[in-house]
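Welcome, and thank you for stopping by. Let's walk through this structure together, one part at a time.

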Amino acid sequence: MKFFNIVVLSLTTLLTFASADYTKAKRITYYGGKDDGYSEKNPFCRDYSSNVPKDVNQFDYYAALSTDILTKKTGKSFCGLMIRLNNAENGRSLLAHVVDSCGTCGSKDVDLSRKAFNYLSDGHMSKGELYQVTWCIVGGPGKYACSESTKTTKKTTTKKTTTKKTTTTKTTKKTTTKTTKKTTTKTTKTTKTTKTTKTTKTTKKTTKTTKYSSTTSNEQRKAGGIYVELEKGTRYGNATVERKVKDYSGNGYVQFRGASNGNTKVAAKVNMKYAGKYTIKVKYNNPNSSKVSNKIVINNSEYKVKFEKSKNDWKKATIKNVVFKKGENIVSVKAYDGYMNFDYIYIE
């Protein structure tokens, strides 16, 4: 009997596991390491989740989703969450951190870390691709979320639920007779007090103070993620739009050739809902053999930045306490120290 019960329980768990809403991937691949140009560094999700480190090699299992699913608009909904993958070919499953977007993946395909792919393929790295894998996002949005409700409901037995129902009916009868008398006396007292009217007045005063705030502020704020695509800005001097360096955002990036005392620059407009201090990130490529100094200018405030060399890769420079005013702001990048590429400025 015990063996029969174990078999029944294992079958029910397998059925509930299979009934979850999984998305079918056409192809599962892997990336990262020296052969892939260490593309796992500075992942896409760094801008959207504090759970994603600068170098995702801190995790054994991590994943990149296709760009039709993981975009700038959906970044906060997916980044930093866990993806559950099931390989129907060998029965293996795992959880991995969502850390990046995959530009070479097909729709709904997933790119895994080497260790994750090795486990999911049962050590068959030479396959390079898996074709019988489904996935879902734990706590994810909409149709991509893993459905966990079926697992918990089937574990409870009928005996336990019936005993719970009988106890609740007894307690309700006792509580209703005792509490009705007490509550009537308490409600009459509360109606006489005027505490509720005072609280409503104080809330009205606080809303008025926020409306009349000045256009400049020293308060630390969050913009919620605003991208300033520099190729859409106005270019001056030796600034051009290029597309030679891979993995850029938008329709291209701005290239500076030669320094001309700030005459070579790109400027773009951005509207801010609130004035205050923000943290910004500049995505750049420095192909030079050493650091290059250039300036980020927000309206009339200049921030000098030394950009690390990056060869053929993109990096991000973080600048904190950048002052923005309410309404329209002019965001500029000025060239002072030589040849560089700039993709976008991200306002956290």
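How many bridges join S3 to S5, and do the two strands run parallel or antiparallel? Five bridges join them, and S3 and S5 run parallel. Within this pairing, serine 66 faces cysteine 102 of S5.

Before going further, please keep in mind that this is a predicted model. The average pLDDT of the protein chain is 76, and 70% of the residues reach at least 70. Two stretches call for caution. Over residues 1-20 the pLDDT stays under 50, and the model has ten contacts beyond four places in sequence for them. Residues 149-214 also stay under 50, with seven contacts beyond four places in sequence.

Now for the overall picture. The protein chain has 348 residues, of which 37% count as buried. Its secondary structure comes to six helices and 18 strands. Among contacts between residues at least 6 apart in sequence, 76% join residues at least 24 apart.

Let's return to the sheet where we began. Seven strands make up this open sheet, in the order S1-S7-S4-S5-S3-S6-S2, and their pairing is mixed. Strand S1 (23-24) and S2 are at the edges and have a single partner strand each, so one side of each is left without a neighbour in the sheet. As background, strands of a sheet pair through backbone hydrogen bonds, either parallel or antiparallel. Both senses can be found around S6. S2 and S6 pair in the parallel sense over four bridges, and tyrosine 31 stands opposite serine 113 in S6. S3 and S6, by contrast, run antiparallel and are joined by three bridges. Here leucine 65 has valine 110 of S6 as its bridge partner.

Leucine 65 also leads us to the packing of side chains. Leaving out residues up to four places away in sequence, Leu65 touches Leu70, Phe78, Ile83, Val98, Asp100, Ser101, Cys102, Asp109, Val110 and Ile137. The largest nonpolar core has 38 residues, and Leu65 is among those that touch the most other members, together with Ile28, Ile83, Leu85, Val110, Leu112 and Trp135. Elements that each supply at least two residues of this core include strand S3 (62-66), strand S4 (82-87), helix H3 (114-120) and strand S18 (340-347). The most comes from S5, which gives five residues. Domain 1 (23-138) and domain 2 (226-347) both contribute residues, so this core lies between them. Apart from this core lies another one of 30 residues, among them Val228, Ala268, Ile280 and Met340.

Next, let's look at the rings. The whole structure holds 16 aromatic pairs. In one of these pairs, tyrosine 61 and tyrosine 119 have ring centres 6.2 Å apart and planes at 35°, so the pair is tilted. This pair links distant parts of the chain, since tyrosine 61 is in the loop between S2 and S3 while tyrosine 119 is in helix H3, 58 residues apart.

Tyrosine 227 and tyrosine 344 form an edge-to-face pair, with 4.8 Å from centre to centre and 75° between the planes. Here too distant parts of the chain are linked: tyrosine 227 is in strand S8 (residues 226-229), tyrosine 344 is in strand S18, and 117 residues separate them. Are these two tyrosines buried or exposed? Tyrosine 227 counts as buried at 18% relative accessibility, because buried means under 20%. Tyrosine 344 is buried as well, with a relative accessible area of 4%. Ring pairs join Tyr227 and Tyr344 with Phe44, Tyr48 and Tyr346 into a cluster.

Our last stop is glutamine 255, which lies in strand S11 (residues 253-256). Glutamine 255 counts as buried, at 3% relative accessibility. Which residues does it touch, leaving aside neighbours within four places in sequence? Glutamine 255 is in contact with Asn238, Ala239, Thr240, Glu242, Tyr339, Met340 and Asn341. One of these, Met340, is a residue we met in the core of 30 residues. Glutamine 255 and alanine 335 are 80 residues apart in sequence, and their C-alpha atoms are 9.9 Å apart in space.

How values were computed. Residues numbered from 1 in each chain as written. Heavy atoms only, no water. Core = buried A, V, L, I, M, F, W, Y, C linked by side-chain atoms within 4.5 Å. Buried < 20%, exposed > 50% of the residue type's maximum accessible area, 1.4 Å probe, protein only. Domains from an automatic or database assignment. Contact = heavy atoms within 4.5 Å. Pairing = 2+ DSSP bridges. pLDDT = per-residue confidence, 0-100. Phe/Tyr/Trp six-rings, centres within 6.5 Å; stacked < 30°, edge-to-face > 60°.
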